[in-house]
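I record what I looked up, in order.

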Amino acid sequence: MQIPLTIPDFRFRRLRKTTALRELVRETHVRMSDFILPIFIEEGIDAPVPIKSMPDVYRYPEAQLAEIVQRAWSKGVRAVLLFGVSTHKDAIGSDTWTEDGLLARMIRVAKQAQPEMLVISDNCFCEYTTHGHCGVVHDHDVDNDKTLANLQKQVVLAAQAGVDMIAPSGMMDGMISAIRTALDAAGFTHIPIMSYSTKFASAFYGPFRDAVDSSFKGTRNTYQMDPANGREALAESLQDEAEGADILMVKPGIAYLDVLAHIRANSARPLAVYHVSGEYAMVKAAAAAGVIDEKAIVLETMTAFKRAGADLIITYYAEKMADWLNT
Ligand code: PBG
């Protein structure tokens, strides 16, 4: 006996019939202009040092920065995020506001190598302090306001060196208004700030600590956010918006898509997501073990970031995306 079927009037599958139809109704698109490539530059090395847990990612000598920027540009990358690995560390990270320090040198070299490349500096202290914390340590904790005063000096120097955008990652309270005030007072009213506005204290940063050769052993739980807190995550980004952040950010990415969507729904500012070292390392390890299709996984991940509300994506895959988007 034939069992009667009740089919609803609307059939979703009608628009899934052919590739042309599916592409016509696709809601989310990934393009090269979405991406920012992080670059690690280390003092005192003369050949690239591979980062063990991050295949295809290296710490490069300063002498190769120009070449790395030019290569990225020729592949279609239009924005880079510079991280310095300093050998001139002290308790406060003073190299970051020294005119001939690593941060200023990297910015000058990158801008000169490709003037049209958008050069962004990661503005923090952890790679320039002997203890590895993101600021001045006092009584076993990072002193917020003393750190802000140093950050003001750092960002003014970065602007003088020619940086196109400032990206403070230290999660200090009031950091955006401190930076905006300092930049404006020094005549840099036109330099935008991309705030690491909602940054969680995450185990996904593990391989980054390798990447920057960090001897850091503690936690950043007194300044980075508790991964359990969704409402606070929104409040952090809205606070930075109120202080004048031009672009907001959620970091890490895949475990925090709800946070991205929540901020997207409550702010009109551009929103970035940082696809961090641990996310990259996990895909690479699974691909090397032959258990996933790397390209498909990465394209799906980038699409999910945009669907959740990200306008821009910081990823170690930025250069590789050029190959994958063109095939
Ligand atoms: C430091 C900093 C970190 C990352 C970027 N800047 C790590 C941390 O907070 O310990 C992580 C980047 C990554 O994991 O890819 N302020």
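I count a polar contact as a pair of N or O atoms within 3.5 Å; within protein, one must be able to donate a hydrogen and the other to accept it, and residues adjacent in sequence count only if both atoms are side-chain atoms. The model is predicted, with local features needing pLDDT of at least 70 and side-chain atom pairs pLDDT 80 or more, while totals for chains, interfaces and linings use all residues. Residues are numbered from 1 along each chain as its sequence is written, and side-chain values use heavy atoms, without hydrogens and water.

I found a polar side-chain atom of Tyr316 at 2.5 Å from a ligand oxygen. The side chain of Arg209 places an N or O atom 2.7 Å from an oxygen atom of the ligand. For Ser169, I noted a side-chain N or O atom 3.3 Å from a nitrogen atom of the ligand. The protein covers 100% of the 400 Å² of accessible area (Shrake-Rupley method, 1.4 Å probe) that the ligand has on its own.

Entry two: the shell. I listed 17 residues around the ligand (a heavy atom within 4 Å). The closest are Arg209, Gln224, Lys251, Ser277 and Tyr316. The shell divides into nine nonpolar, three polar and five charged residues.

The largest cavity has a volume of about 150 Å³. Its lining has 18 residues, and Lys199, Tyr205, Phe208, Gln224 and Lys251 are the closest to its centre.

Methods. Ala, Val, Leu, Ile, Met, Phe, Trp, Tyr, Cys and Pro count as nonpolar, Asp, Glu, Lys and Arg as charged, and the others, Gly among them, as polar. On a 1 Å grid over the protein atoms alone, a cavity is a set of points where a 1.4 Å probe fits but cannot get out, and a pocket is an open set with protein on both sides within 12 Å along at least five of seven lines; lining residues have an atom within 4 Å of a point. Grid points are joined across faces, edges and corners, and a volume is the space filled by probe spheres set on the points.
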